[in-house]
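Trainee: I am new to this one. Could we walk through it together?

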Amino acid sequence: MSEKIAIIGGGVAGLTAGYLLNDFHQVTLFEKDERLGGNVYTLDTKTGEEIDISVFFWSPRLYPNFAKLLKKLDIKLTTKPMEGLSQSFRNLLTRRDYYLSCDLTKPRSTFSAKNFKSAVYQIMALWNYIKIVRMFRKGQLEGLTLRQALKFCPALKGDLLKLAIFPVCVMTSMLWEELMDTPTEFVVAKIEKQMGTPLKFASWRLYPCKTRVYIEKLAAPLKNKIRLNAGIKAVARNGRSVVLKMEDDTEEFFDKVVFACPADTALRLLAEPTDEEKKLLSPWRYNDGLVIVHTDKSNYPPEDLWAMYSYLYTDEDGAINTSINAHYRFQNGVPDDSGYIGCQHPNIPIDKDKIEFQKVFRTPIYDNRSSGTIRELPSLNGINNTYYCGSYFGYGLHEDAVTSAVNVSRSLGAVWT
Ligand SMILES: Cc1cc2nc3c(=O)[nH]c(=O)nc-3n(C[C@H](O)[C@H](O)[C@H](O)COP(=O)(O)OP(=O)(O)OC[C@H]3O[C@@H](n4cnc5c(N)ncnc54)[C@H](O)[C@@H]3O)c2cc1C
């Protein structure tokens, strides 16, 4: 039977749920911003480049539901291997630069005399990662945070430690201190989920298209059913129906609600959360990470050391602070000489005349408490006419956002074949 379903949040999770439920129910999707996509953002630069600010790699093998969704949307999976996992590092205090490339198809540049120290560091970092994975598989790291597990790798220290850990900061969108408090089990599983095993790094692929393409395609059949600038203020449930309170205090009634917004927002919106909702949603905290897109090269390594990511860091009395900088010229479809840089968690002065865009992106923080809820989160679905989805149902990845939305949609009668 067709029901009136409200979806709160127009990120990839909410849009996937809306797209799949639309054939079976009367769907209305509420998005608080003036645009759809949430953390998915394609920027049109002044120079006519199209840049994906967030989300630009995935592997079809490791993201089966997302790959299936793109296929349903008739988006061709013409994926392109990444040109090695090149990354560069600059210690802002010593001005020392490192350049790492895992592209073993180009051993000359990877192991060149110029990069000799970096290459040695790279091998040591990888060796230590394999050691951690082995210990983890033997159950020797059970219950330990990453900070505790790293004590078993005394060789990882100084700049080498940063070279080994910063790439994980990229994958998790977490700051150093947040990452150190993350369970090792989660970190290892997340790396394998996003990149495969260390020997299968090559399975990484760049997105086949700009991310806004699939956002637009997901939204197309929902035309007239999407409300932008429509932040929901409160949600009440009375056993039979769900009442959504808008910013202007008007109310709308639905049979069911799907929360596709961050977990902490969902809990805040609920008028009377159940004990289970409090237990499973309250552990979630979010990182409000600022990303600045600019063309100011002054604090960066020389351009021949530019890589997919540069990390600019300081280490003062053990307080480690890094910005994560995406060099968009390495992104699919962006000119090779593009000067645009996306600086996440900025820790350098940036010439304001060279700033073209800035935005805060909210991403989940995975500590012992929050990651401990993941297995139980699906048990909230269907209780009190309420459903939940979003990337926090897994490892914070696109695949997790899509999979959780598929699961919610299927339990509401949608077909996923
Ligand atoms: C810099 C960066 C890089 C990333 N790179 C990758 C990558 O390479 N690969 C990958 O798999 N993942 C990546 N991610 C993770 C990616 O963000 C997630 O995979 C996914 O986009 C999250 O989707 P979501 O729908 O769960 O949440 P969101 O995108 O956060 O969507 C939630 C939506 O809810 C809306 N909302 C909130 N409150 C309300 C309210 N009260 N009323 C109405 N609407 C509301 C928000 O405005 C937002 O649109 C990256 C993230 C960032 C920030």
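Trainee: Which helix does F116 lie in?

Mentor: Happy to start there! This is a predicted model, where local features need pLDDT of at least 70, side-chain atom pairs count only at pLDDT 80 or more, and totals for chains, interfaces and linings use all residues. Residues are numbered from 1 along each chain as its sequence is written, and side-chain values use heavy atoms, leaving out hydrogens and water. Helices are DSSP runs of H or I with at least four residues, strands are E runs of at least two, and both are numbered from the N terminus. Residues 116–137 form the helix that holds F116, namely α4.

Trainee: Is F116 buried or exposed?

Mentor: Buried means under 20% relative accessible area, exposed over 50%, and partly exposed in between (1.4 Å probe, protein chains only). The relative accessible area of F116 is 53%, so F116 is exposed.

Trainee: What is the distance from an oxygen atom of the ligand to an N or O atom in the side chain of E31?

Mentor: A polar backbone atom of N39 is 2.8 Å from an oxygen atom of the ligand. For Y63, an N or O atom in the side chain is also 2.8 Å from a ligand oxygen. For the side chain of E31, the distance is 2.6 Å.

How values were computed: A polar contact is a pair of N or O atoms within 3.5 Å; within protein, one must be able to donate a hydrogen and the other to accept it, and residues adjacent in sequence count only if both atoms are side-chain atoms.
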